[in-house]
Amino acid sequence: MRYTLTKDLETGNAIIDQEHRELFQAVERLMDACGKGQGRSSMEPAIRFLLDYVDKHFAHEERIQQESRYPNLTAHKSFHTAYKKTLRDIVAQIPPSGPTVTDLGKLNSHIAALVSHIRTEDKRLSGYLKQK
Ligand SMILES: [Fe+2]
């Protein structure tokens, strides 16, 4: 497993952490599909699942923030919105023959951006929820 929810990435909010674990599993599935060296069509289920899961998870986090009147909601939400768009753009560029080295590089650095968002912003959200 290249992407796992290590201790330092846990926010302390059980629901959010569980969703992050599933998110990483979806990323792993996509990376495995990429690594098989097959065409794009064989990756399609993993792509679809990841895009859907990201949408679902971000929407859930935004709902939690709305309900708890989280003061950083606007900034957090705009990260989510931009993230979803870039993720879609990256996967849309994958040609039918399968991902190029450039595609894989873009995908990996976009996932790294999510890991760092979890480490900073999602932890901040969880800290806020704890002291409510
Ligand atoms: Fe988030």
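A residue counts as buried if 20 or more other C-beta atoms lie within 10 Å of its own. Keep that cut-off in mind for the first close-up; every view here comes from a predicted model.

Figure 1. Is C34 buried or exposed? C34 has 20 C-beta neighbours inside 10 Å, so it counts as buried. Who does C34 touch, once residues up to four places away in sequence are left out? The answer is M43, P99 and L104. For a sense of scale, look across to A112: C34 and A112 are 78 residues apart along the chain, and their C-alpha atoms are separated by 17 Å.

**Figure 2. Stepping back to the whole protein chain, with its four helices.** There isn't a strand to be found here: the count is zero. Reading from the N terminus, the elements go α-α-α-α. The C-alpha atoms fill a box of roughly 50 × 25 × 20 Å along the principal axes. The radius of gyration is 15 Å, which agrees with the value near 14 Å that a compact globule of 132 residues would have. Of those 132 residues, 20% count as buried. Now take the contacts between residues at least 6 apart in sequence: 63% of them join residues at least 24 apart.

**Figure 3. Helix α2 beside helix α3.** Two packed helices are described by the angle between their axes and the distance between the axes. Here α2 (residues 40-67) and α3 (residues 73-92) have axes that come within 10 Å and cross at roughly 175°. Because of that angle, α2 is roughly antiparallel to α3. On the α2 side, the contact is made by I47, L51, V54, D55, F58, E62, Q65 and Q66. Helix α3 answers with L73, H76, K77, H80, K84, L87, R88 and V91. Sort the residues of this contact by class and you get seven nonpolar, four polar and five charged.

**Figure 4. R69, in the loop between α2 and α3.** What is worth a look in the backbone at R69? Its phi is positive, at about 55°, although R69 is not a glycine. R69 has 9 C-beta neighbours inside 10 Å, so it counts as exposed.

**Figure 5. Helix α3 meets helix α4.** Helix α4 spans residues 101-130, and its axis comes within 11 Å of the α3 axis, with a crossing of roughly 165°. That angle makes α3 roughly antiparallel to α4. The crossing is left-handed.

**Figure 6. S126, a residue of helix α4.** How exposed is S126? With 19 other C-beta atoms within 10 Å, S126 is partly exposed. Setting aside neighbours within four places in sequence, S126 is in contact with T11, G12, N13 and I16. R63 is 63 residues away from S126 in sequence, and the two are 13 Å apart in space, C-alpha to C-alpha.

Methods
Residues are numbered from 1 along each chain as its sequence is written. This is a predicted model: local features need pLDDT of at least 70, side-chain atom pairs count only at pLDDT 80 or more; totals for chains, interfaces and linings use all residues. Helices (H or I, at least four residues) and strands (E, at least two) are DSSP runs, numbered from the N terminus. The radius of gyration is taken over C-alpha atoms; the globule rule is 2.2 Å times the number of residues to the power 0.38. A residue is buried if 20 or more other C-beta atoms lie within 10 Å of its own, exposed if 12 or fewer, and partly exposed in between; C-beta atoms are placed from the backbone. Two residues are in contact if their C-beta atoms, placed from the backbone, lie within 7 Å. Axes are lines fitted to C-alpha atoms, for helices over the stretch in contact, and angles run from 0 to 180 degrees between N-to-C directions. Angles under 35 degrees count as roughly parallel, over 145 as roughly antiparallel, 65 to 115 as roughly perpendicular and the rest as oblique. Ala, Val, Leu, Ile, Met, Phe, Trp, Tyr, Cys and Pro count as nonpolar, Asp, Glu, Lys and Arg as charged, and the others, Gly among them, as polar. A crossing is left-handed if the near helix is turned anticlockwise from the far one by less than a right angle, and right-handed if clockwise.
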